[in-house]
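Student: I'd like to walk through this fold with you, one question at a time. Can we start once it's on the screen?

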Amino acid sequence: MLLFIIKTIVCFGIMYCATRFYGNVSDNLLVKAFLCLVIMFATYWVDVYRFSSIFLNYYLALRNYRKGKYNRAFATFEDLLGKEFAPSLPYLARMRFEGLGTNINIDAAKFYCERAIRNDFSECLYLLAVINFFGDNLTEYFYSRNSKNKADRQNSTIKTATEENTKPLRKNTVTKKRRTNTYKSEMSPDYNECVFHLHSFLEKASETDANYGDACALLAYCLYTGKGVPKNIEQSNALFKHATMLSAKNVKYLRQCAIDNIEVANYVM
């Protein structure tokens, strides 16, 4: 940044001097304009090339992500982050969390979420709340939004790890891959942090946000069971009703878990 400011000052200084050549300022305007363009190109071509390269790679990474080419997308997003390009953080967090194009790494996903939030990507508050809710103790697996088994999502019950391992891997579905932790330490659920980040997300997001209804449903479950917040059945039921109105993906399953007093094992992202 300092180098850019210095280059700008020097560039404008040279351009100012160039306008003083050949008599008055208004004389030989075509020549002076050409000189100014040459000076600006010589000064900023590196910056223009760098910015163009970053935005082109970001466009390619987004296209690969949307087409399901997660390995390419993840490598490009990581490269962009190495160049301090903050918009890649939400995608890296999601991909680390679900294991898209890389190994599942909950610590890394949380780290990217926190960095993204500090850069005003408030949509990561929801993902961070989910991470806080489950920690690194995901008993089963997370379905991705593209899972084909939509009818079975809300009716899923807790299965043993042995039963789950006998099933084939599903396309674009997060399964029980080997979980590697950045700091080689276990991450226990933190319901207080979960509730805090859910409140923050609901304050900043709008009801048209894709995750708004599920944030309401997860907060309703916490209120119903007293996880991270004092029990409030009335407020919980109101949030469950609101989440149902917004067609939240997890509301039926979370409500059933709350009523039956069982732990949440499946979650649709």
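Tutor: Before we start, one cut-off: a residue is exposed when its relative accessible area is over 50%, and buried when that is under 20%. Keep in mind that this is a predicted model.

Student: Then is Asn261 buried or exposed?

Tutor: Asn261 sits in the loop between α12 (251-260) and β2 (266-268). Its relative accessibility is 65%, and the cut-off for exposed is over 50%. Therefore Asn261 counts as exposed.

Student: What is the phi of Asn261 near?

Tutor: Most residues other than glycine have a negative phi. Asn261 isn't a glycine, yet its phi is positive. The value is near 55°.

Student: Where does Asp120 lie, and what is its phi near?

Tutor: Asp120 is another non-glycine residue with a positive phi, near 70°. At 69% relative accessibility it counts as exposed. As for its place, Asp120 belongs to the loop between α5 and α6.

Student: How many residues of α4 are buried?

Tutor: Among the buried ones are Leu89, Met95 and Glu98. Just after the helix, Gly99 has a positive phi of about 75°. α4 is largely enclosed by the rest of the structure, because the buried count is nine of the 10 residues.

Student: How do the directions of α4 and α5 compare: roughly parallel or roughly antiparallel?

Tutor: The axes of α4 (residues 89-98) and α5 (residues 106-118) come within 8 Å, crossing at roughly 160°. Angles over 145 degrees count as roughly antiparallel. So α4 is, relative to α5, roughly antiparallel.

Student: Which residues of α4 meet α5?

Tutor: The two helices pass in a left-handed crossing. By class, their contact has 11 nonpolar, no polar and two charged residues. On the α5 side the list includes Ile106, Tyr112 and Arg115. From α4 come Leu89, Pro90, Leu92, Ala93, Arg96 and Phe97.

Student: Which residues is Ala116 in contact with, leaving aside its neighbours within four places in sequence?

Tutor: Ala116 is found in α5 and, at 0% relative accessibility, counts as buried. Its C-alpha is 6.1 Å from that of Pro90, 26 residues apart along the chain. The contacts are Leu89, Pro90, Phe121 and Cys124.

Student: Moving on, how far does α9 reach from its first C-alpha to its last?

Tutor: α9 (residues 191-204) has 14 residues. At 1.5 Å a residue, the expected reach is 20 Å. The model comes close to that, at 20 Å.

Student: Which helices do the buried residues of α9 pack against?

Tutor: Those buried residues are Cys194, Val195, His197, Leu198, Ser200, Phe201 and Leu202. Their packing partners are α6 (124-134) and α10 (212-225).

Student: And at what angle do α9 and α10 pack?

Tutor: Residues such as Val195 and Leu198 in α9 take part, with Ala215 and Leu219 among those they meet in α10. By class, this contact has 11 nonpolar, one polar and no charged residues. The crossing is left-handed, and with the axes 10 Å apart, the angle is about 145°.

Conventions:
Residues numbered from 1 in each chain as written. Predicted model: local features only at pLDDT ≥ 70, side-chain atom pairs only at ≥ 80, totals over all residues. Heavy atoms only, no water. Axes fitted to C-alpha atoms, helices over the stretch in contact; angles between N-to-C directions. Helix = DSSP H or I, 4+ residues; strand = E, 2+ residues; numbered from the N terminus. Parallel < 35°, antiparallel > 145°, perpendicular 65-115°, else oblique. Left-handed = near helix turned anticlockwise from the far one by under 90°. Contact = heavy atoms within 4.5 Å. Nonpolar A, V, L, I, M, F, W, Y, C, P; charged D, E, K, R; others polar. Expected span 1.5 Å × (residues − 1). Buried < 20%, exposed > 50% of the residue type's maximum accessible area, 1.4 Å probe, protein only.
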